[in-house]
Amino acid sequence: MIYDPEHRMPHTLLVTGPGGAGRTTVAAATALAAARAGQRVLLLCADDPWPAGGAPAPDGLRLARIDSGEEFRTELAALQERGATLLGMLGGSPLGAEELTELPGAEQFALLRGLRRAAATPATDLVVVDMPPLHQALTTLALPAQLRRYLARLLPAERQAARALRPVLAQLAGVPMPAQWLYETAARWDEELAAVQAVVEAPTTRVRLVAEPGPAADAALRAGTLGLALYELPVHDLVANRLVPRDSADPWTAGLAAQQRKYLAEWERETPVVPLAHLGRDPERPDELAHAAGLAPRPAPAAPATRPGWAVEDRLAEDGVLVWAVPLPRARKSELDLIRRGDELHLAVGPYRRTVSLPSALRRCTVSGAALTDGVLRIRFTPDPQLWPRAR
């Protein structure tokens, strides 16, 4: 399906969390709950969330599968076809379909293409996406913006100014010029990546976290929440999954319940939490997810055209600086890194990195310091006298 920027983008809920917390089950239950509430829902996942033979899904719920192997073979076959003349010139021979096996990373690109198609599906109110575990999900969602930046640096558009001469040179040489094919391929990739990036960065896209309360999940969530904040991906809520009964007479179960309550109380202070009781087994049919009816996502407020972004605080009158406020909840000073190069700022938080363009006002300033206070990184910018407009 061709991405149409004029198409009304449905709300997208990305379901992820630490591995082994029942993420796929919660994604399926979320889609079911939303469909039963009257929404037209598309569930995007790599595997069927329940075996065949169960009760049929309610009206309004559709399932879209991601086949990374088929996606890889189709894309590589198309790439070979477009570059057939160049391959022939270099003496190469195309690979047959039976020879192609997907390479590492194919799953990420298949997921991103599936996300783009899902957002362009007509008659859809909500897209629920069963994402990989939290760290892998974050690196996947960051890919479109990162790859577009790499393409812009390695193959800048201004170098295509002489493209009008390439058909003449190609006619003289008898073959298409490699540079022309390279730039055309890069432009096509950039267009596809831009469509995916528009979905990821849309104000209608939110993240639902799934975790089983405990120390390991708490550590993974702290790191993941930092990554989400760095990439400006809003958290809708946190599903605390597999909660055991509090009043159990069994000492082991009672101890586990006490540990879960401890972390549950901490999580509730930071984000809305949806508690989900342990069934005692994994559900196998859609009707067994009826206990999760409370998972239907809350209606989102009327969203602006774009996300608000990090705030720039004007303190010129008081302190002679502008301050860029970057929310990084539960961040530690030791895991932060900050470098400015030209009109870009390189931010690193633990394992996550992001390069952002400075707002126009900050480009005329120099970085004069930064401080982390109450989960917010405040970067101070001092106006450069040579670039800053002088008062009359």
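Reply: Happy to! One term to start with: a residue is buried if its relative accessible area is under 20%, exposed if over 50%, and partly exposed in between, using a 1.4 Å probe and protein chains only. By that rule, buried residues make up 41% of the 392 residues in the protein. Please keep in mind that this is a predicted model, where local features need pLDDT of at least 70, side-chain atom pairs count only at pLDDT 80 or more, and totals for chains, interfaces and linings use all residues. Residues are numbered from 1 along each chain as its sequence is written, and side-chain values use heavy atoms, with hydrogens and water left out.

Me: Great. How many helices and strands does the protein have?
Reply: There are 11 helices and 14 strands. Both are DSSP runs numbered from the N terminus: helices are H or I with at least four residues, strands are E with at least two.

Me: What is the strand order in the open sheet?
Reply: The 7 strands run β3-β2-β4-β1-β5-β6-β7, with parallel pairing. Two strands count as paired if DSSP finds at least two bridges between them.

Me: And which strands stand at the edges?
Reply: Those are β3 (61-65) and β7 (273-277); each has a single partner strand, so one side of each is left without a neighbour in the sheet. On average, neighbouring strands of this sheet are turned by 20 degrees against each other, direction ignored.

Me: How many bridges link β2 and β3?
Reply: Strand β2 (residues 41-45) pairs with β3 over 5 bridges, in the parallel sense.

Me: Which strands does helix α4 lie across?
Reply: Helix α4 (residues 106-119) lies across β1 (11-16), β2 and β4 (126-130), and runs at about 170 degrees to β2. Helix α8 (residues 215-230) also packs on the sheet, where it touches β5 (205-211) and β6 (235-243), and its direction makes about 170 degrees with that of β5. For these angles, axes are lines fitted to C-alpha atoms, for helices over the stretch in contact, and the angles run from 0 to 180 degrees between N-to-C directions. Contact here means heavy atoms within 4.5 Å.

Me: Switching to α1: is it largely enclosed or largely open?
Reply: In α1, 11 of the 14 residues are buried, so the helix is largely enclosed by the rest of the structure. The buried ones include R23, V26 and L32. Helix α1 (residues 23-36) reaches 20 Å from its first C-alpha to its last, close to the 20 Å expected at 1.5 Å a residue; that expected span is 1.5 Å times one less than the number of residues. After α1 comes G38, with a positive phi near 105 degrees.

Me: I like aromatics. How many aromatic pairs are there?
Reply: A search of the whole structure finds 3 aromatic pairs. Rings of Phe, Tyr and Trp (its six-membered ring) pair if their centres lie within 6.5 Å; planes under 30 degrees apart count as stacked, over 60 as edge-to-face and the rest as tilted. One of the pairs is Y231 with Y352, edge-to-face at 6.3 Å centre to centre with 80 degrees between the planes. Y231 lies in the loop between α8 and β6 and Y352 in strand β12 (residues 352-357), so the pair ties together parts that are 121 residues apart in sequence.

Me: Are those two tyrosines buried or exposed?
Reply: Y231 is buried at 13% relative accessible area, and Y352 is buried at 4%. Another pair is W324 with F381, edge-to-face at 6.5 Å and 65 degrees between the planes. W310, W324 and F381 form one aromatic cluster.

Me: What does F381 touch?
Reply: Leaving out residues up to four places away in sequence, its contacts include V321, L322, W324 and R340. F381 sits in strand β14 and counts as buried at 0% relative accessibility.

Me: Last one: which side chain makes a polar contact with H236?
Reply: That is R206, and the side chains are joined by a polar contact of 2.9 Å. The term means a pair of N or O atoms within 3.5 Å; within protein, one must be able to donate a hydrogen and the other to accept it, and residues adjacent in sequence count only if both atoms are side-chain atoms. H236 is in strand β6 and is buried at 5% relative accessibility.
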